[in-house]
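Please read them with the structure open.

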Amino acid sequence: MVAEQQQPAKLRLAIFYGGKSGEHEVSLRTAAAVIGALDFDKYDIYPVFISKQGAFRLGSPLQSAQVGVEQLQFSESGGDLLQTLFEQSGETFDVVFPLLHGTYGEDGTLQGLLEMANVPYVGTGVLASAVGMDKVMMKKVFAEAGLPQCKFIHFTKSQWLQMPDQILAQAEQLLSYPNFIKPANSGSSVGISKAKDRDQLQAAIELALLFDRKVLIEEAIDGREVEVAVLGHNQIDASVVGEIVPSNEFYDYKAKYLDGKSEMVIPAVLSGETSELLRKLAVKAFEAIDGSGLSRVDFFVERTTGEIYLNEINTMPGFTPFSMYPLLWKETGKPYGQLLDELISLALLRHEERQALKFSLE
Ligand SMILES: Nc1ncnc2c1ncn2[C@@H]1O[C@H](COP(=O)(O)OP(=O)(O)O)[C@@H](O)[C@H]1O
Ligand SMILES: [Mg+2]
């Protein structure tokens, strides 16, 4: 390799944050932390604030790593992002880091926009993002890959309206009580309930249907909640295993965000054999959805039997320096700044691979 004489050009990196989902504020704090840990000698950093109404606001390149969340929320539009993205002649970005969770951030819609604009971006592509967001689709894909999961049923709002008694009977027969009721597209435990009898089950279904037209019911696993971080493209690495000890009966919204009493144990206290198996299953789950970049894969380890059940994959996990995903990598030997650099390199690698594909036979 020839040694570079010149200083390589800085990458123009856009950070997307805010957004229409319930995790708008978390996303702002994550953006401030990510910006604080990025190397300003390597990157020109463009903030892109997405308002709660969904407006994209492009700011001027940042001059300093020290930004507060107040500075990251601009009311005046510095430019129309869509125009900027699709402009052929004007300035565009070399890579985008979407720090958005949930609907319109993690579900493939933003990823589709970035594909159309032909801009490399950090994280999973359109299909993997969408599959990871929809708990029913996700479970079907995992089942096909032979991954261990708890029993579940699913139905739509119109099926519920047509045959509530059959659905309740089927849930009681197959899953018994307690069970978990979830909107198919959810996150942050929003709209999720644990039901211990028929009345609670009915109320939980009505609640879940406020958030999605598709609902699933799962058998409850009395298990420890353990999580693995995965990173890579084609070659996938898995981190050490971490454990969540929820402050509530289950890891609901309050236990996740409000009371500050849930604990993380990193690394989780498990046998070497169980940890190794969890790491293998995490990579398998990531490959099953055709993931790229990053994901956090969550499991239950049943208390009485030690049996492992895959719960879900999160294609854009919490990403503050105090979140499970970066902490798992830190414990595995990859500090936050290095993790950010690697994710950006993986985004470029994936894009290059796609660019090399032919679109026709010519
Ligand atoms: N089948 C289940 N058995 C036991 N606990 C569950 C089950 N499903 C969900 N939970 C509890 O509910 C929490 C949120 O459910 P999850 O499916 O992870 O939704 P989200 O995508 O909102 O994180 C889990 O972290 C766990 O505490
Ligand atoms: Mg979860």
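1. D290 sits in the loop between α10 and β12 (293-302); helices (H or I, at least four residues) and strands (E, at least two) are DSSP runs, numbered from the N terminus. D290 is not a glycine, yet has a positive phi of about 60°. D290 counts as exposed because it has 12 C-beta neighbours inside 10 Å. The scale used is: buried with 20 or more other C-beta atoms within 10 Å of a residue's own, exposed with 12 or fewer, partly exposed in between, with C-beta atoms placed from the backbone.

2. This is a predicted model, in which local features need pLDDT of at least 70 and side-chain atom pairs count only at pLDDT 80 or more, while totals for chains, interfaces and linings use all residues. Residues are numbered from 1 along each chain as its sequence is written, and chains are lettered from A and ligands numbered from 1 in the order in which they are written.

3. The loop between α7 and β6 holds S176, another non-glycine residue with a positive phi, about 50°. S176 counts as exposed, because it has 11 C-beta neighbours inside 10 Å. P178 is in the loop between α7 (164-174) and β6, and the Y177 to P178 peptide bond is cis, with omega about -10°. A cis bond also joins I266 to P267, with omega near -5°; P267 belongs to the loop between β11 (263-265) and α10 (272-288). These sites deserve a look because most residues other than glycine have a negative phi, and most peptide bonds are trans.

4. The protein has three domains: domain 1 (11-121), domain 2 (141-145 + 222-352) and domain 3 (151-219). These bounds come from an automatic or database domain assignment. The C-alpha centres of domain 1 and domain 2 are 25 Å apart. Where these two meet, 17 residues of domain 1 contact 13 residues of domain 2, a contact being two C-beta atoms, placed from the backbone, within 7 Å. On the domain 1 side, α1 (24-37) and β4 (95-98) each give at least two residues, and α1 has the largest share, with five.

5. The largest nonpolar core has 74 residues, and L13, I15, F16, Y17 and V34 have the most contacts inside it. Such a core is a set of buried Ala, Val, Leu, Ile, Met, Phe, Trp, Tyr and Cys residues joined through C-beta atoms within 7 Å. At least three of its residues come from each of domain 1 and domain 2. Leaving aside residues up to four places away in sequence, V34 touches I15, F97, L99, F319 and L340. A second, separate core has 17 residues, including F155, I181, A204 and I217.

6. V228, in strand β9 (residues 223-233), is buried because 27 other C-beta atoms lie within 10 Å. V228 and L281 are 53 residues apart along the chain, but their C-alpha atoms are separated by 9.3 Å.
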